[in-house]
Amino acid sequence: MYPLTTTAISEAYNRVRQHSETICEPLETEDYVPQPVPFVSPPKWHLAHSTWFFETFIIKPFLPGYQVFDTDYNYLFNSYYNNVGERTLRTDRGNVTRPTTKNVYAYRQHVDRHMSDLLETLADPEALSLVELGLHHEQQHQELLVTDIKYILGHNPLFPVYKSGHNLVNDSNDETGFAHIPEGVYEVGFQGEGFCFDNELGRHKVYLHDFEISKALVTNAEFIQFMESGCYEDFNLWLDEGWSWVNANAINSPMYWHKINGAWHYYTLDGLQEVNPQAILSHINFFEASAFAQWKGMRLPTESEWEIASQQFGWGKRWEWTNSAYLPYPGFSKAPGAVGEYNGKFMINQMVLRGASVATSPGHSRNTYRNFFHAHERWQYTGIRLVK
């Protein structure tokens, strides 16, 4: 256990909690409530759930005499922690019009006041570690806030502007070419001091054949070539499950793309814009990434290849699909109780992404960070890096 000070934790707490509310500042009250699809959560729910985490796991056990803000909130804002009790169905989060957005902000203020009091004297290493976990948990929800807000507004037929000038998909590559990584035995996984999630632990050796990995992410122009070559209609390029997904959903472009008067446009947080061909591709799923790699005669990196190669470069503009299933590292064990539900129980039927993205909160990325999503999901800022 590395040393955690109450001063540093208090400063981080205030900074992280404020950032969630900063993300929501451009929203109108009506924007806080919709849940257009099951995998998107309303902004109001994110604000309340991240607050519930601190109330449930830190304030209640460590602040004697504390009275919960509202006894219904444990049911409404618990996400997936079976150890903590019953909860509303994920698909019903958009039906929770009450409590109001105003009350959710009052809930945040209530919990923040009590956390401020608690942090003045909190010295228990276990408690401080839980506070730190809560902060990284909220940063995860900040990334989800950005992507969920984009989905909510991006599926509004008026394509409203979230924030003028806030186009997160207009960035380009800093490097070109391929980097050669020689074969050998390498070590992967988190080591040293500082925070990491439990799924990063279990540093272990891996043998890698030599490979070349692109220093640049795939651009919109490259993917337009893929589209114009008829690749969404060529079953030879697709994994069987991916081909079924393409046909069942009539897919012919990345998420948020629309062809208007013969030209490709995409929805950004700055409203509907014409696609920038030189910008880095975003919002594609594993099936699309795999098909593109097949078309180029290359492949996606494994997560071990990505981690070793990333030590040479400052990557992190897109979550990058790897060709690795989300599985435990050697020696992985779940913590007891609710905290143990954080990662381990999701190690099935998901693919690993690496690299962070333009929606990731400051200070919340490491080259050992293992994100994970189902192969069909693409509402995150996901991209492609190729290996040959």
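Student: How many salt bridges does a search of the whole structure find?

Tutor: The search finds 16 salt bridges. A salt bridge here is a side-chain nitrogen of Lys or Arg within 4 Å of a carboxyl oxygen of Asp or Glu. This is a predicted model: local features need pLDDT of at least 70, side-chain atom pairs count only at pLDDT 80 or more, and totals for chains, interfaces and linings use all residues. Residues are numbered from 1 along each chain as its sequence is written, and side-chain values use heavy atoms, with hydrogens and water left out.

Student: Which residue forms a salt bridge with Asp-171?

Tutor: Arg-318, with the closest N and O atoms 2.9 Å apart. The pair links distant parts of the chain, 147 residues apart. Asp-171 sits in the loop between α5 and β1 (178-181), and Arg-318 in the loop between α9 (303-310) and β8 (319-325). Helices (H or I, at least four residues) and strands (E, at least two) are DSSP runs, numbered from the N terminus.

Student: OK, domains. Where are the bounds?

Tutor: Domain 1 is 6-155 and domain 2 is 178-387. The bounds come from an automatic or database domain assignment. Their centres, taken over C-alpha atoms, are 27 Å apart. Domain 1 puts 28 residues into the contact and domain 2 puts in 30 (contact means heavy atoms within 4.5 Å).

Student: What area do domain 1 and domain 2 bury between them?

Tutor: About 2600 Å², with 61% of it on carbon and sulfur atoms. Buried area is the accessible area (1.4 Å probe) that two parts lose on being put together, summed over both.

Student: Which elements give two or more residues to the domain 1 side?

Tutor: α2 (43-62) and α5 (125-154). α5 gives the most, with 17 residues.

Student: Backbone next. Where is the cis peptide bond?

Tutor: It joins Arg-98 and Pro-99, with omega about 5 degrees. Pro-99 lies in the loop between α3 (73-77) and α4 (101-119).

Student: What about the phi of His-283?

Tutor: It is positive, about 65 degrees, although His-283 is not a glycine. This residue lies in the loop between β7 (271-274) and α8 (286-295).
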